[in-house]
Every structure is written in structure tokens, then in C-alpha cells.
Amino acid sequence: MKTITIIGGGLGGLALGVYLQRLSVPVRLIEAGSYPKHKVCGEFICGVDPAWLTEMGLGNIISDSLHHTDMKWWVEGRQVLSAELPRTAWGLSRYKLDLDLASTFEREGGELLTGERAAPRDFSEEGTVQAIGKKPREGSDWIGLKVHAKNVSVQGLEMHVGQSGYVGLCEVENSSVNVCGLFKVRRGLRGKDLIRQYLHANGLDELAQRLEQGSLVDESFSATAGFQLGKQPSKKGVQLGDSSYLIPPFTGNGMSMALESAYLAGGLLKQYSQGELGWDEVATLHKKRLDQHFRKRMNLAGLLHPLFFSKMGRRALSLTAPILPYRSLFTHLRTR
Ligand SMILES: Cc1cc2nc3c(=O)[nH]c(=O)nc-3n(C[C@H](O)[C@H](O)[C@H](O)COP(=O)(O)OP(=O)(O)OC[C@H]3O[C@@H](n4cnc5c(N)ncnc54)[C@H](O)[C@@H]3O)c2cc1C
């Protein structure tokens, strides 16, 4: 059988690696960084079908984590929604999740090369899957920030919408609360306490004060910038996760999409490995599958996201929150 090379050992690449081994496909994975590492992510997983996770060999890694059943939303400091989640969500740090997946991959015989950055020319090699995450794009004005906090009480999943950004709070393992936000870049803000600065700059003073009563875990701080949300420019070959579709983070669905896209690719890659499909056929079929599977949620997320960044939109959200069909929106943002 032909070997599959995966470039990028984040959630999508690692999940695919574990799954391909289950399918008896020889696989090697190249990751630029090392494990464990903290990553900008809300660390809240919701959407992917648990039966798919089981089939991929990931069931316990994810489902043994914290289960969340409630969510609360604040808009500019005022609570506008408190509701039961239509589906259970899992809270689990990327520090632990990516490490557990990498260990599982290696334990089951996968070849994992860490600290190796593949060159762009390698991406288009036959049999190579790109799972490289967010692609750098010029003209982006987004910044994502995250830090873990201790001794902060959180009420289920919390979302706090500010003047030009939003922040999610989610409890993960070891009684840590993950604090993660997406903001429009503000020139002049810099330094170690960037999250606090962005909270104040966005009018989220109460949340900043709440966090100050606990303690932030400095080594967990991470930041990311220079990306564009939405469908990523299509290149030749097979792409997964954020390198194919970058859904606005308020949906809390990017991790699920990385897992779903790995699942959707698995069978096609096995057929390639066995010589039943050519590489170009695999790439075409895979793109088509992802389009069919993600189009609806990407379109809906693309319509809703700008609401958070306009005064009128936030006002409309606040006023309509009690009657919003949030269960149906939540479901449409997670299903085909
Ligand atoms: C602010 C914010 C909040 C979010 N909150 C949530 C949330 O609550 N829930 C949710 O489901 N999703 C959330 N997401 C989205 C989620 O984090 C991503 O969708 C998910 O990490 C995508 O996984 P991935 O495997 O595609 O990419 P990544 O996890 O980014 O992995 C890509 C990997 O590729 C490696 N790599 C890159 N280039 C190379 C190269 N040339 N050679 C080798 N390796 C390379 C990188 O080192 C990295 O490890 C959020 C995103 C942001 C920005």
C-alpha cells in the first residue's frame, strides 16, 4: 500500500493519522512544532458525531473530558441569554488533546516527525495531505488570544461580546478555565497582559475584573494573527481543517470541522493507498465532499459573524436574544 504523508500535526492532521492507522494505511506525519503546546482555541468541542469519533479511534480521548450542558451570553456586559445546549459539548485543552492524539498515533506505530517544517513545494506532492491550519493572509485585521485562568468560576460555556471582539470562557481539565477571544486588531496594544488590554479596549471591564480575582497561567498564553475567515483559497491536493475552511470562532465548530474533514478524507485516502483511486480523483472527490458537508454552516456563520462587529448588530442581538431560535441556529451551525 502507498504511504500517506500528512503535513501538520494539529487536531485535523493527528485525527487523520490515528484514523488511517485504524484503516491499516501506512502514514507519516510532519509537524513543525512539538508536543505538548498551548494553542489559541476556545477548547470547546461540539458537533462531530460521536459514532464517527469511535470509528476513528478517538472516542475516549474526547468523550472522557468535561461535559458542558449550559451556555450563557453577554452583550456589552448585559446577560442576554441563558440556555441549555442542544447537544453536549466537551471541554478539553489543546495542550492535552493534541498530546494525547500524538501519543496515540505513535503508540499505534505511526511515524511522527516533530520540529520539521515542510516547504510549500512539498504540499503538492502526490499522497500528501495538508493539515497546516490557518494560512497566513495579507490584509487581515484579526487577532486571536487565549490564556488559562485558575480560581475563576464559570457558568457552563460563557460568551462575552464586546465592541469589536468576543471572548469565550470554558472550563477544561485541572479546574482551569480557558479564556479565548477573537478581536479586531488595535494598534498600540502589546505586552504580556494583552488579553486584559483587549478586554478593556472592548468595554469588557467586568470580565477583566473577574479574571483579576483569579490568576492567569502565563505559560498558557498564546496569540495568532494574520488570517482570513471563510473558505480558504483552493489549492491543488487534499486539505483538511482550517486549511480548507476557517469558520468564525463564535460557532465553536472549527475543531469539530477538523475532525469531520479527517473522517470524510479517511476512506478516499485508503482507496488511493490501495491503488483504487488516482490522487487527482481523491483531491476532487474530497473537495466536493467538504463543500457539500460544510457549505450550509459556513454560509450561516458568514451571515451572523458581522453582527457582532456592528453597533446595530449587537443591539439587534440583545433585543432579540429572548426570542432567537438559538437551538435551531446552533444545530444548523453544526450540521450538513
Ligand atoms: C480565537 C479562536 C477561538 C476558537 N475557538 C474554538 C472553539 O471553541 N471550538 C472549536 O471547535 N474551534 C475553535 N477554534 C477553531 C480551532 O482552533 C481550529 O479550527 C482547529 O484548531 C483547526 O485544527 P487544524 O488541525 O486544522 O489546525 P491546527 O490545530 O492549527 O494545526 C495545524 C498544525 O500544522 C502545523 N504546521 C503548519 N505549517 C506547517 C508546515 N509547513 N510543516 C509542518 N507543520 C506545519 C502547525 O504547527 C500546527 O500544529 C477557534 C479558533 C480561534 C482563532
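**Close-up views of a predicted model**

**View 1. The hairpin of strand 4 and strand 5.** In this predicted model, strand 4 and strand 5 make a hairpin in which 2 residues lie between the strands. Glu76, in the turn, has a positive phi of about 45°. Strand 4 covers residues 66-75, and its pairing with strand 5 is antiparallel, with 9 bridges. Within this pairing, Asp70 has Glu84 of strand 5 as its bridge partner.

**View 2. Strand 3 beside strand 5.** Strand 5 spans residues 78-91 and is also joined to strand 3, by 2 bridges. These two strands run antiparallel. Ile45 stands opposite Trp90, a residue of strand 5. Strand 3 (44-45) is also among the elements that give two or more residues to the shell around the ligand.

View 3. Strands of a sheet pair through backbone hydrogen bonds, either parallel or antiparallel. Strand 2, made of residues 27-31, runs parallel to strand 6 and is joined to it by 4 bridges. In this pair, Leu29 stands opposite Leu112 of strand 6.

**View 4. The crossing of helix 1 and helix 8.** The crossing of helix 1 with helix 8 is right-handed. On the helix 1 side, the contact consists of Leu11, Gly12, Ala15, Leu16, Tyr19 and Leu20. Residues that they meet in helix 8 include Met255, Ala258, Leu259, Ala262 and Leu269. Sorted by class, this contact of helix 1 with helix 8 has 12 nonpolar and 3 polar residues, and no charged residues.

**View 5. The shell around the ligand.** There are 37 residues around the ligand, of which Gly10, Gly42, Gly133, Gly241 and Gly254 come nearest. Two or more residues of the shell are given by each of helix 1, strand 2, strand 3, strand 11 (177-184) and helix 8. Helix 8 provides the largest share, 4 residues. By class, the shell has 16 nonpolar, 17 polar and 4 charged residues.

Terms used:
Residues numbered from 1 in each chain as written. Predicted model: local features only at pLDDT ≥ 70, side-chain atom pairs only at ≥ 80, totals over all residues. Left-handed = near helix turned anticlockwise from the far one by under 90°. Contact = placed C-beta atoms within 7 Å. Nonpolar A, V, L, I, M, F, W, Y, C, P; charged D, E, K, R; others polar. Pairing = 2+ DSSP bridges. Near = placed C-beta within 6 Å.
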